[in-house]
Each structure stands twice: as C-alpha cells, then as structure tokens.
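This briefing goes with the sequence and structure shown below.

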Amino acid sequence: MRDGRAQREVTLPRAIRGFVSGRAVSASCGALLAFTAGTVLSAILQRHLLEAPQSAQRLVEFNVGEAFGFAASLSLILADSSRRVSLTGPDIAVLLLAALAWFVPEHHGVYLATTLAGAWFLLGGRTDRRRADLGQIWLALSIYELWAKLIFKVAYQMIEVIEVGLIYRIGRLFYGRLGIAGASLNVRDDWSIVILEGCSSFHNLSLTGLIWLSILKIAERAVGPAAFRALGVSACAVVAINIGRILAMLPSREAYQFWHDGAGSSLVALGSVAAAILPILVCVERDACRLSPRT
Amino acid sequence: MPTQPANLTPWVRSGLAALCILLAVSVSVRSYAYWQRLADGAPAWEASGQPVDLGGGATLPRAAAAPFTIRVAPCASPVAVDFLRASPYEPDPSLVGRPQPGDRVFYVYRGRDLGTRFVTIRLNAIYLARLAYARLTGQDVPAADDLALKIIVPAGCEASADHVMAVLRTAYPPPAPSALRDRAPPL
C-alpha cells in the first residue's frame with residue numbers, strides 16, 4: 001500500500017497534485033496564470049481572427065510551440081505550494097507593464113510581453129530557482145515566437161545562402177544532375193524549386209529548443225551533458241527531415257505539391273515535432289528510471 | 001514553506017484583477033476588430049505607389065523608378081542608378097546592376113548613405129521597422145515598399161554618394177530609363 005502511494009506521488013503530474021491536494025491557488029499563482037494564459041490567448045486570437053489563414057504545417061508548428069511553452073509555465077506555476085513563486089510589488093508592476101503588449105496588433109509582437117517578464121524573472125531569480133525557470137521558459141517562448149523570426153528575416157539572405165549550399169551538397173549524393181542557381185535547385189531542365197523562408201530549418205530549430213527546455217522543466221531535470229546530446233540529436237534529425245523534404249520535391253511538380261502543400265507537408269511537420277520530442281523524452285525517462293528503479 | 005507576505009496580498013490581488021481586466025479588454029478589442037473586418041472586408045495589401053524619397057525634400061515619381069544613367073560633373077562615364085526594394089524577399093542587392101572592377105558602389109536610402117557593409121541586413125531592418133510602424137499605427141496599406149538606390153560610380157571618378165544625390169535631386173524631370181533597364185528586374 002505504501003509502495004503504491006509512493007508510485008502515485010512520483011508519476012502524478014505536479015500541477016494536478018497541487019489541485020488534488022485541495023489547496024487553493026494563491027493570488028500570485030492566479031496572476032502568473034492570468035499573464036501566461038493572456039499572452040498565449042492574445043497571440044492565438046490575433047493569428048486566427050485577424051491575420052492570414054495558416055497552412056496545415058504552420059498551424060501544427062505554432063500550436064505545438066505554444067502548447068509546450070504554456071504547459072511548462074503551468075507546471076512551474078502550479079507546483080507544490082512549498083515551491084510556488086511568490087510575487088512582490090515590482091513583479092506585479094512588471095507583469096502589468098508587459099501585459100500591455102497583448103494589444104500589439106501582430107501575433108509575434110504579442111510575445112514582447114513574455115520577453116519583458118521573462119527577462120525580469122530571470123534576472124531577479126538568482127536566489128529562487130523557480131522564478132529563474134519561469135523566466136527561462138517565457139524567454140524561450142518569446143525567442144521562438146518573436147526574436148528568432150525577426151533575426152531570420154533580417155539575415156534571411158545570409159542564412160539562405162548557407163542553407164541552400166548545405167542542401168546542394170547533401171542532394172548531390174542522391175541526384176547526379178542536381179543544379180543550383182542562387183536559391184534555386186533543379187534536377188531537370190524544365191522544373192526547379194526556389195528555397196524561401198518557409199522552407200528553412202531555422203524555425204524548426206528554435207521550436208526544438210523550446211520543446212527541449214519545456215520537457216526538462218516539466219520533468220524537473222537539470223540541464224546536463226545527456227540533455228545537450230538529446231538536443232543535438234533532435235536538431236540534426238529536424239534538419240535532416242527538412243532537407244529530405246526539399247530534396248523529395250525536386251523530381252516533379254506532383255512531388256512538390258505533395259510535400260509542399262499536400263499531406264506530405266503535415267507529415268513532415270509532425271515528424272519534425274516527433275524528432276524534437278523523442279530524444280529529450282527518452283533522456284528524461286532514462287534518468288527517471290536510474291533515479292528510482294522501483295518505479 | 002514560503003507564504004505570501006500579508007502586506008503584499010492586496011497588491012497581488014489588485015494585480016490579478018488588473019490583468020484579468022486587461023485580458024478581457026484585449027479579447028473584446030480583437031473580437032470587435034474581427035466583426036468589423038467581416039462587415040467591411042479585409043483591407044487590401046497593395047503597393048503604396050508613393051514616390052521615391054531622395055532626401056532633402058526631393059522625390060522621384062514611382063513610375064520613373066527604373067534603372068537609368070546620369071551624367072555627374074567630374075565623371076567621364078555616366079553614373080548608373082538602380083532601385084532596390086527594401087525587403088527580405090527581394091533579390092540580393094549585390095546582384096542588382098553590373099558594377100565593373102574598380103567601380104564604387106553606394107547604397108542610399110532616403111538620401112542617407114547606408115555604406116557598403118551589411119547592406120542587405122540594413123535594408124531588411126528598414127523594411128521590418130517600417131512594417132512594424134505601419135502595423136502599430138493601424139495603416140491599412142503598409143508603407144513598407146520603399147525603394148533604396150544603388151549608385152554605381154565608374155572607376156576613376158571620385159564623386160561621392162552625396163554629390164551624386166545632389167545631382168539627382170536637381171535633375172527634373174528625372175532621367176529617362178536607359179538601356180541599363182535590362183540590368184535589373186522591373187520593379
């Protein structure tokens with residue numbers, strides 16, 4: 001009986017444990033929850049109500065990134081009451097100031113809110129690990145949703161040259177007649193594809209980083225060599241999947257339509273997400289088994 | 001077990017209430033904008049067609065924004081002028097025009113010399129800044145399709161970018177597009 005209880009304590013998610021223990025959510029938790037949910041909700045409403053329709057691939061990627069960031073935030077906010085973050089007056093002021101970014105009429109810009117609040121919590125969290133963790137997640141979310149996209153757009157031509165060169169080198173292993181002209185690749189004289197922003201692995205890599213950090217925080221694991229190895233494996237797998245997709249588009253228009261607009265596009269998006277999740281999940285589970293062999 | 005200091009609790013509760021009010025207002029504003037858009041239709045994102053700003057108050061009609069050459073006093077050969085759209089989705093500026101070895105190249109935006117290093121990044125940053133400004137100020141037609149100038153001064157000529165721009169500002173009507181038109185894609 002005692003063993004069974006111990007097992008439940010280990011496996012039950014921390015957030016649910018906080019609720020089932022019957023303790024009311026404190027005002028600090030409420031404020032942090034309102035801020036996190038408000039930021040994500042504002043970005044989702046802006047994107048779905050007021051901006052261009054999203055393709056299936058982008059829909060999957062955006063929702064997964066937000067879902068992981070949100071879940072990790074909830075996990076940290078609703079931790080056991082002994083480890084919950086307590087807010088001070090300046091914290092509340094910063095959260096309110098950051099929440100003004102909810103009104104930015106652009107869904108990436110809404111994440112200025114998590115940038116400001118995340119930086120504040122991270123800088124002020126030297127003595128409180130829980131605050132620092134929350135700050136890291138908010139910053140990772142804002143890097144994925146806002147800053148990585150901004151940096152990519154600013155340095156697009158430079159990144160494109162590197163990426164197209166890499167695809168060309170790998171592609172020559174599979175296509176003997178692979179030709180390159182600027183950002184355009186071809187294996188036939190009458191058909192070529194141009195590598196544009198949506199084809200880049202850059203955003204998939206920032207998504208991988210966010211998922212990696214979120215899983216580590218949810219599982220309460222510290223960042224170590226094994227975790228970095230898992231991140232490296234995920235990053236390589238995500239880039240390989242993207243390059244494979246682009247090379248698969250080269251032979252014909254039909255192949256392009258399948259991998260760019262059709263079911264192949266969603267398949268690649270899901271495959272990339274799986275490649276981002278599985279290595280760190282395996283790493284975390286293996287550590288958990290080592291820590292408590294009986295569970 | 002850390003607990004909320006009693007003297008802070010009213011502040012935190014007030015903060016929570018303020019965050020909830022902000023969230024409700026934010027959702028209401030977006031819902032209103034959505035219904036407004038359904039009623040009026042989405043604004044069209046068209047090119048603004050605004051003239052090219054040459055700096056110093058001078059402008060060039062958008063229709064005249066095609067590659068041309070112009071005579072500048074100290075230069076034996078004409079100076080070539082090309083137009084670049086400031087955007088991450090346009091061709092690499094270094095590929096526009098055909099400077100010969102020894103030619104000097106200047107990139108000018110709104111009369112300001114952008115230098116020659118990291119021009120692409122600077123043009124992209126200008127595009128994003130203008131796009132962000134257009135979004136924040138609620139403009140239906142984003143003024144993000146500005147043009148920058150690429151000036152190719154032939155080898156042996158010491159004319160500066162400012163000097164060429166001064167000549168361009170006074171050249172009215174603007175020089176007709178020349179045979180150099182085929183050096184760049186039409187804008």
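From the N terminus on, the elements of chain B run α-β-β-β-β-β-β-α-β-α, which comes to three helices and seven strands. Helices (H or I, at least four residues) and strands (E, at least two) are DSSP runs, numbered from the N terminus. This is a predicted model, in which local features need pLDDT of at least 70 and side-chain atom pairs count only at pLDDT 80 or more, while totals for chains, interfaces and linings use all residues. Residues are numbered from 1 along each chain as its sequence is written, and chains are lettered from A and ligands numbered from 1 in the order in which they are written.

**The chains as a whole**

- Chain A holds twelve helices and three strands.
- Of the 187 residues of chain B, 25% count as buried; in chain A, buried residues make up 41% of 295. A residue is buried if 20 or more other C-beta atoms lie within 10 Å of its own, exposed if 12 or fewer, and partly exposed in between, with C-beta atoms placed from the backbone.
- Among contacts between residues at least 6 apart in sequence, 69% in chain B join residues at least 24 apart, and the figure for chain A is 73%. Two residues are in contact if their C-beta atoms, placed from the backbone, lie within 7 Å.

**Helix H5 of chain A**

- Helix H5 of chain A spans residues 89-99, and its buried residues are A:Asp91, A:Ile92, A:Val94, A:Leu95, A:Ala98 and A:Ala99.
- These residues lie on the same side of H5(A) because they cover an arc of only 160° around the axis. The arc is that of the directions from the helix axis to the C-beta atoms.
- An α-helix has 3.6 residues a turn, so residues three or four places apart point the same way.
- Exposed residues A:Gly89 and A:Pro90 sit on the face of H5(A) turned away from its buried side.
- The cover over the buried residues of H5(A) includes helix H3 (27-50) and helix H6 (112-123) of chain A, together with helix H1 (9-40) of chain B.

**Helix packing in chain A**

- H5(A) and H6(A) pack at an angle of about 160°, and their axes are 8 Å apart. Axes are lines fitted to C-alpha atoms, for helices over the stretch in contact, and angles run from 0 to 180 degrees between N-to-C directions.
- That angle makes H5(A) roughly antiparallel to H6(A). Angles under 35 degrees count as roughly parallel, over 145 as roughly antiparallel, 65 to 115 as roughly perpendicular and the rest as oblique.
- On the H5(A) side the contact is made by A:Val94, A:Leu95, A:Leu97, A:Ala98 and A:Ala99, and on the H6(A) side by A:Ala113, A:Leu116, A:Ala117 and A:Trp120.
- By class, this contact of H5(A) with H6(A) has nine nonpolar, no polar and no charged residues. Ala, Val, Leu, Ile, Met, Phe, Trp, Tyr, Cys and Pro count as nonpolar, Asp, Glu, Lys and Arg as charged, and the others, Gly among them, as polar.
- H6(A) and H7(A) pack at an angle of about 150°, with axes 7 Å apart, and are therefore roughly antiparallel to each other.
- The residues of the contact of H6(A) with H7(A) divide into eleven nonpolar, six polar and one charged.

**The interface between the chains**

- In chain A, 33 residues are in contact with 31 residues of chain B.
- H3, H5, helix H7 (129-154) and helix H8 (156-171) of chain A each supply at least two residues of the side that touches chain B.
- H3(A) gives the most to that side, with twelve residues.
- The residues of the side of chain A that touches chain B divide into 19 nonpolar, twelve polar and two charged.

**Loop residues**

- A:Leu78 lies in the loop between helix H4 (56-77) and H5 of chain A. With 20 other C-beta atoms within 10 Å, A:Leu78 is buried.
- The C-alpha atoms of A:Leu78 and A:Cys29 are separated by 6.9 Å, although the two are 49 residues apart along the chain.
- A:Glu220, in the loop between helix H9 (202-218) and helix H10 (225-249) of chain A, has a phi near 60°, a positive value in a residue other than glycine. A:Glu220 is partly exposed, with 14 other C-beta atoms within 10 Å.
- B:Arg110 is not a glycine either, yet has a positive phi of about 50°. B:Arg110 lies in the loop between strand E5 (104-109) and strand E6 (112-113) of chain B and counts as partly exposed, with 16 C-beta neighbours inside 10 Å.
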